Amino acid sequence: LPRKPHPLGWMVKTLSCALTGVLIRMELVMKKEAMAQLKYVAAFGATTACSLRLTEPWHHSKRILVGDSWFGSLRAVTELMKKGIYAVMAIKTGSAGFPKAELNAKIQAGRFTFFAMQRVVQLGTDLVGAGMRVLAAGWMDKKEMLVACSCRTTDVAPPADRIRNKYKDGAVRRIKYTVEQRDCHAFYRQHFNAIDIFNRLALGPGTVASSWVTKNGRQAVLK
């Protein structure tokens, strides 16, 4: 695995429950040719197809999928909505049809600047209504943070506490400060790292995986 600390391993795309921290679904990444044959890929591309496959058992349940920028796109939000799944997704490279340049321009005034707009996306004749309103929102934190949402709002969310380290009087001190966020960004930040929390609990220091010594790397892959 390139850029990984272990020479052997698997790459998987995962789905975790943000409320319980439980890993509930995963998909093994295969060779490019094999991945191209999977369900939904021909119609929607690799990333949107992956989101549709991972959430398939919960289609039409009206649950909310929070996805990072690998999964995030306007197409993904739209196609998930067709399957009865709401979404809040970060947008970076998958910006086709998304007002990325407009939002970035509006939030350059300074840190914690916020701006949002709506886009109407056509869903097709098989669904009630002419289209779906997607919230496109930008917020300047340390860098631009853009999200596309088929749910949530631009209401002001409860303040969030942050901690930063600052060198002062010859020592590094931890300084607490408060940040105001809008609901759409606060919801994303609250839930986007569910899989990271699972990884720390399952594979971090003090766990069985970190304590179980194997004779060689091939066995370690099977922990």
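Student: Which side chains meet in a salt bridge at 3.6 Å, N to O?

Tutor: Those of Arg-189 and Asp-141. A salt bridge here is a side-chain nitrogen of Lys or Arg within 4 Å of a carboxyl oxygen of Asp or Glu. Keep in mind that this is a predicted model, where local features need pLDDT of at least 70, side-chain atom pairs count only at pLDDT 80 or more, and totals for chains, interfaces and linings use all residues. Residues are numbered from 1 along each chain as its sequence is written, and side-chain values use heavy atoms, with hydrogens and water left out.

Student: Where do Arg-189 and Asp-141 lie?

Tutor: Arg-189 is in helix α6 (residues 183-191) and Asp-141 is in the loop between β6 and β7, so the pair links distant parts of the chain, 48 residues apart. Helices (H or I, at least four residues) and strands (E, at least two) are DSSP runs, numbered from the N terminus.

Student: Is Asp-141 buried or exposed?

Tutor: Buried, because its relative accessible area is 10%. Arg-189 is partly exposed, at 32%. The cut-offs are under 20% for buried, over 50% for exposed and in between for partly exposed (1.4 Å probe, protein chains only).

Student: How many salt bridges does a search of the whole structure find?

Tutor: It finds 9. One of them pairs Glu-79 with Lys-82, with the closest N and O atoms 3.4 Å apart. Both residues lie in helix α4, 3 residues apart, or about one turn of the helix. Glu-79 counts as buried because its relative accessibility is 12%, while Lys-82, at 28%, counts as partly exposed.

Student: Switching topic: which residues touch the most other members of the largest nonpolar core?

Tutor: Val-77, Leu-80, Met-89, Phe-98 and Val-134, out of 29 residues. A nonpolar core is a set of buried Ala, Val, Leu, Ile, Met, Phe, Trp, Tyr and Cys residues joined through side-chain atoms within 4.5 Å.

Student: And which element gives the most to this core?

Tutor: Helix α4, with 5 residues. Among the others that each supply at least two are α3 (46-54) and β6 (132-140).

Student: What does Val-134 touch?

Tutor: Leaving aside residues up to four places away in sequence, its contacts (heavy atoms within 4.5 Å) include Leu-74, Val-77, Met-117 and Cys-149.
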